[in-house]
Amino acid sequence: MWIPFTLLAAFMQAWRNAFQKQLSKEVSVAGVTLARFLLASPLAAMYLAGLYQWQPVALPTLNHRFVLFIVGAAVAQIIATALMVKLFKLRNYAIGAGLAKSEAILAAILGVAFFSESLSLLGWVGVLLGAVAVFLLSGASWRKLSWPVLLLGISSGLSFALTSLWVRQASLALGLPFPHGAAWVLLVVILLQTLILLSYLLWRERSTLLALWRRPRLTLLISISSCIGSIGWFTAMSLESVALVKTLGQVEVLFMLLISAFFFKEKLQRTDHGGLALIVLAAIAVMWA
């Protein structure tokens, strides 16, 4: 079950990133980050209500571990998204989002070191192949990368990795059956993120809220694609280790390249066929692992 949810998440996240890049030309970083969560709460609530209509289960009992993981995940995802939007302003869409996908290998290292996750040898091979494949498919090269771009990309990837690890831990802490636990985590995280960003913008950037109000279509598209993508990610990560989910999710880069070429009309370097082969091998390795 984790495989189709991961593929859904990767496809929707590629579109969300594309819409965010488009909005970033007209709205501040904080505003583009808020657009990801602003209208997603009602969708997440409807999804959770639908699950309870389909299969009623007990309501969750909150505990301190759940609260800590939720707060950490919410803040880390805000930081990760803001850093990635900054990447969009420095480099083209595919390279910026591709660098942020360093989260898979970072999640593997942190998961094994601090969260008692384990990976087989085949799993590690898949993660490493995926990391190389993403770098090749993003169109980046070491000679063209500046230190600011590289540091922003790694920082964004690290923040996304921590988000994923804490989301999984929060879902496990609830102890609810699949997929209700992941749905509760999704709703609470989105509500908290919306509250944090709205409070900040009301305090510091009220004009940004007006800018989002004037762009309802793009804001709605970002929220919808983000919510559906998060449903996929959160559900998949409640079933399987973050490293394997995020490595398979790197097929998002293929979607990003297509969007970059046909939606943004950006000129990319000729894709290395070796990168395409590596990402297929990485996906096969983690599915077998």
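Which residues in the largest nonpolar core touch the most other members? They are Trp2, Leu23, Phe66, Val185, Phe234 and Met237, out of 64 residues in that core. A nonpolar core here is a set of buried Ala, Val, Leu, Ile, Met, Phe, Trp, Tyr and Cys residues joined through side-chain atoms within 4.5 Å, and buried means under 20% relative accessible area, exposed over 50%, partly exposed in between (1.4 Å probe, protein chains only). Helix 9 gives the most to this core, nine residues; helices (H or I, at least four residues) are DSSP runs numbered from the N terminus.

A word on the model: it is predicted, with local features needing pLDDT of at least 70 and side-chain atom pairs counting only at pLDDT 80 or more, while totals for chains, interfaces and linings use all residues. Residues are numbered from 1 along each chain as its sequence is written, and side-chain values use heavy atoms, with hydrogens and water left out.

Now zoom in on Phe234. Apart from its neighbours within four places in sequence, Phe234 is in contact (heavy atoms within 4.5 Å) with Val167, Ala182, Val185, Leu186 and Val189. There is also a second, separate core of six residues, Ala14, Ala18, Val134 and Ile259 among them.

Next, follow helix 9 (residues 180–204) to helix 10 (residues 206–213): the two pack at an angle of about 115°, their axes 5 Å apart. Axes are lines fitted to C-alpha atoms over the stretch in contact, and angles run from 0 to 180 degrees between N-to-C directions. Helix 9 brings Leu198, Leu201, Leu202 and Arg204 to the contact, and helix 10 brings Arg206, Thr208 and Leu209.

Finally, the structure holds five aromatic pairs. Rings of Phe, Tyr and Trp (its six-membered ring) pair if their centres lie within 6.5 Å; planes under 30 degrees apart count as stacked, over 60 as edge-to-face and the rest as tilted. Phe11 and Phe255 are edge-to-face, 5.3 Å centre to centre with 90° between the planes. This pair links helix 1 (residues 2–23) with helix 13 (residues 252–262), its members 244 residues apart.
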